[in-house]
Amino acid sequence: MYKRLSSVMFPIVAVLLIGALVWGYQENQEKNAILIKAENQYQRAFHDLSFHMDKLHSEIGNTLAVHTSSLGMHRKGLMNVWRLTSEAQNEISQLPLTMLPFHETDDFLSRISNFAYKASMRDLTNEPLSEKELGNLKQLYQNSSEITKSLKEVQQKVLSDRLRWMDAETAMAAQGKVNDNTIVDGFRSVNQKVQQYPELDWGPSVSSMYTKRTVKKLDGIPMTKEQIQHKAAKFSNQSVGNIQVQENGKGTEWESFTASVGQANDSKLMMDFTRNGGMLISYSDTRQIGTKKVSRNEVMAKADQFLSDKGYKNMKAVNYDEYGNLANLTYVRKQGDTLIYPEKISVRAGLDTGEVTGFQASDFVNEHKDQRNIPKARLTAEQARKKLNPDFEENYVRKSLIENEFSKEVLCYEFGGRINGTRYRIYINADTGMEEAVEEIKPVNATS
């Protein structure tokens, strides 16, 4: 009986054992293939990073080598610097450096990229590179040389010692600590060097991109919880006794207050206020929104009235979207005949009743001025119109103050219209006639 049983079971067990071995071998082969692919990708990204940093150093040198009046070569050189720094940043993002403090180097490259792009895109004939900017390039030439040298040293060790990035990743991941590893040590050394570089004056257009807007920097007397309670009660038409106030981020640069009040339908009204001045940053009504019953015009009329009642005067809707049973509107303040786009408020309303269910006013709070000094337009609307594509079918034109890509406020003529079957807003600088921005407007969004 045992012989008969073993004669049946042995082949079955043998087949299962062989199958398990084959499966394990295949799994191991697939795992090794994945690891090899990842290692190859890391190696390629690292060697490309070293190559592009070397090219970046050379390109900065080429830009400095030409005469200060060689505006065409300056533009070409700066565009190449921008392209190479973008490539280097992309390669850094492909390396397993998330557990390694390398943000100083990444930030450094980001500032070079933005500086080069903004300088190359401006009119160098009227605004050539300044002595300060040329000084920055000389410092960047020296800094990029040091970074390139350090990366080449790491690269030489990787090639001569056949080092693997997978080992570096394991060293960084081990118990959340960075252990000794040639690659890790090399990148840590580069980041430490960058930290020691003297701070450069990048100019306002670049520096503003890295300037944090914090509620603590706002003007105004610091508010108490009781004062915020009264402000919230007045805004929401609720009893002071029903308002709950919570302090946020005490002692930090993000100090603020959150006021809340419960409703009969289990919803809440939530309001965020700045600590300095007690200005309202956002408002939200968490009520359940029903099915759509009101029209766009009804929603806009109620949103207009809401802002007016709450003290936001001279606001004009410039954008309208619908998402499900909610409408989202963008308002900007109007001063005289000019729309002030930096002073923006986003409003949300329910399409069941048209009532406002929330708004976000952080841009308005940070940018608002009671009276702005709006520059006088050097060009007429007719002169600016000549800069448009002849096929552009104009629907309206109005003056708008916008913030351009150099973080400068510029007065523009905003032309709304259609070309190639699509609606656009085109902003023509009222001083130079240059196109500052082009914005595509989806059919459901267009507001004239």
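**Briefing on a predicted protein chain**

The accessible surface of the protein chain comes to about 25200 Å², and 51% of it belongs to carbon and sulfur atoms; such areas come from the Shrake-Rupley method with a 1.4 Å probe, and for residues only the protein chains shown count as cover. The model is predicted: local features need pLDDT of at least 70, side-chain atom pairs count only at pLDDT 80 or more, and totals for chains, interfaces and linings use all residues. Residues are numbered from 1 along each chain as its sequence is written, and side-chain values use heavy atoms, with hydrogens and water left out.

**Overall make-up**

- The chain contains 11 helices and 12 strands, which are DSSP runs numbered from the N terminus (helices: H or I, at least four residues; strands: E, at least two).
- Of its 448 residues, 42% count as buried (buried means under 20% relative accessible area, exposed over 50%, partly exposed in between, with a 1.4 Å probe and protein chains only).
- Among contacts with a separation of 6 or more, 60% join residues 24 or more positions apart; contact means heavy atoms within 4.5 Å.

**Nonpolar cores**

- The largest nonpolar core has 40 residues, and W165 and F187 have the most contacts inside it (a core is a set of buried Ala, Val, Leu, Ile, Met, Phe, Trp, Tyr and Cys residues joined through side-chain atoms within 4.5 Å).
- At least two residues of this core come from each of α1 (2-65), α2 (71-93), α3, α4, α5 (165-173) and α6 (182-196), and α1 gives the most, with 8 residues.
- A second, separate core of 36 residues includes V261, V299, L307 and Y331.

**Packing of α3 and α4**

- Helix α3 (residues 103-121) packs against helix α4 (residues 131-161) at an angle of about 140 degrees, with the axes 12 Å apart; axes are lines fitted to C-alpha atoms, for helices over the stretch in contact, and angles run from 0 to 180 degrees between N-to-C directions.
- In this pairing, F108, I112 and F115 of α3 meet E133, L137, L140, N143 and I147 of α4.

**Individual residues**

- H103 lies in helix α3 and is exposed, with a relative accessible area of 53%.
- The C-alpha atoms of H103 and N191 are separated by 7.7 Å, although the two residues are 88 apart along the chain.
- Most residues other than glycine have a negative phi.
- N237, in the loop between α8 (225-236) and β1 (244-248), has a positive phi of about 55 degrees and is exposed at 64% relative accessible area.
- N420, in the loop between β10 (409-419) and β11 (422-429), also has a positive phi of about 55 degrees and counts as exposed at 75% relative accessibility.
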